[in-house]
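Subject: Structure handover

Hello,

Here is the structure we talked about. My notes on it follow below.

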Amino acid sequence: MNFISLCSILPSLLAFVSGGKLPEPEVKVEVIDKPLMCYRKSKYGDMLLVHHEGFLESNGTMFYSSRIHGDKNPVWFTLGIREVLKGWDKGLQNMCTGERRKLTIPSSLAYGKEGKGKIPPGSTLIFDIELLEIRNGPRSHDSFREMDLNDDWKLSKQEVKEYLKKEFEKHGYSPNDTHHEVMVEDIFKNEDEDEDGFISAREFTYQHDEL
Ligand SMILES: [Ca+2]
Ligand SMILES: [Ca+2]
């Protein structure tokens, strides 16, 4: 569903106990190709469609290519909500449709000390990423406005329920009132931080996680 539950609070805790900011590991961003016209730039909460190739920095081995592996289709993800590697969330902002970037991502913003599958522990990764399309994500201002039926800048349970119903129907599911009510309760438990019974614009767009 379109609501993201609270993520780990560990990074902020760590920053707290170390008495300030931890040195932030950085992603190196190189623009390989940029279209002349740029109508819209990617921002947190947007949904991005990308083709990507991943390489190990150590020996240049390609470990994944969306053009060769899987169903060979580009992939959709939401920027800034940890759906993808932290290095992607950091390195794919302000990007134009049609732009291609090379990201060099330290292991701490990728698969870390453990590694994963073909990726050895502690690997710095290089990605070649082409952005094909940007859409409004579930956390976008436009999505909020669409859900806020009476324009009072907050979402009531009824409005969220209407939205769920619409989304389910759009995807070919028959509406199920009980199911929707349970989901709404769940969503409010996570999102209605001040427990006033409404999800405010701030509560809606606020990133619960440090990026
Ligand atoms: Ca409202
Ligand atoms: Ca609230």
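Helices (H or I, at least four residues) and strands (E, at least two) are taken as DSSP runs and numbered from the N terminus. On that basis the chain has six helices and eight strands, and from the N terminus on their order is α-β-β-β-β-α-β-β-α-β-α-α-β-α.

Conventions: residues count from 1 along each chain as its sequence is written, while chains are lettered from A and ligands numbered from 1 in the order in which they are written. This is a predicted model, in which local features need pLDDT of at least 70, side-chain atom pairs count only at pLDDT 80 or more, and totals for chains, interfaces and linings use all residues.

Confidence

pLDDT is the predictor's confidence in each residue, from 0 to 100. Its mean over the chain is 85, with 86% of the residues at 70 or more. Over residues 1–20 pLDDT stays under 50, and the model has 18 contacts beyond four places in sequence for them. A contact here is a pair of residues whose C-beta atoms, placed from the backbone, lie within 7 Å.

Burial and cores

A residue is buried if 20 or more other C-beta atoms lie within 10 Å of its own, exposed if 12 or fewer, and partly exposed in between, with C-beta atoms placed from the backbone. By that count, 21% of the 211 residues are buried. Of the contacts between residues at least 6 apart in sequence, 66% join residues at least 24 apart.

A nonpolar core is a set of buried Ala, Val, Leu, Ile, Met, Phe, Trp, Tyr and Cys residues joined through C-beta atoms within 7 Å. The largest one has 16 residues, and Leu92, Ile105 and Ile129 have the most contacts inside it. Strand 2, strand 5 and strand 6 (125–135) each give two or more residues to this core, and strand 6 gives the most, with four. Leaving out residues up to four places away in sequence, Leu92 touches Ser42, Leu48, Leu79 and Ile129. A second, separate core has 10 residues, including Leu155, Tyr163, Val184 and Phe204.

Helix 4 has 14 residues and reaches 20 Å from its first C-alpha to its last, close to the 20 Å expected at 1.5 Å a residue. The expected span of a helix is 1.5 Å times one less than its number of residues. Val160, Tyr163 and Leu164 are buried in helix 4. They cover an arc of only 100 degrees around the axis, so they are on the same side of helix 4; the arc is that of the directions from the helix axis to the C-beta atoms. Gln158 and Glu169, on the other side of helix 4, are exposed. Helix 3 (141–147), strand 7 (154–155) and helix 5 are among the elements that cover the buried residues of helix 4.

Helix 5 (residues 177–191) has 15 residues and spans 20 Å from first C-alpha to last, close to the expected 21 Å. Its buried residues are Val184, Ile187 and Glu191. Seen down the axis of helix 5, these fall within an arc of 65 degrees and therefore line one face. They pack against helix 4 (157–170), strand 8 (199–200) and helix 6 (201–205). The face of helix 5 turned away from the buried side carries the exposed residues Thr178, His179, Val182, Glu185 and Lys189.

Lys157 is in helix 4 and is partly exposed, with 16 other C-beta atoms within 10 Å. Not counting residues up to four places away in sequence, Lys157 touches Val184 and Phe188. Lys157 and Gly197 are 40 residues apart in sequence, but 7.5 Å apart in space, C-alpha to C-alpha.

Hairpin and positive phi

Strand 2 (residues 47–56) and strand 3 (residues 62–65) pair in the antiparallel sense over three bridges; two strands pair if DSSP finds at least two bridges between them. Gly54 has Tyr64 in strand 3 as its bridge partner. Five residues lie between the two strands of this hairpin, where Gly60 takes a positive phi near 75 degrees.

Two residues other than glycine are worth a look as well. Asn94 has a positive phi near 55 degrees, lies in the loop between helix 2 (86–91) and strand 5, and is exposed, with 10 other C-beta atoms within 10 Å. Glu195 has a positive phi of about 50 degrees and sits in the loop between helix 5 and strand 8.

Regards

Technical notes
Contact = placed C-beta atoms within 7 Å.
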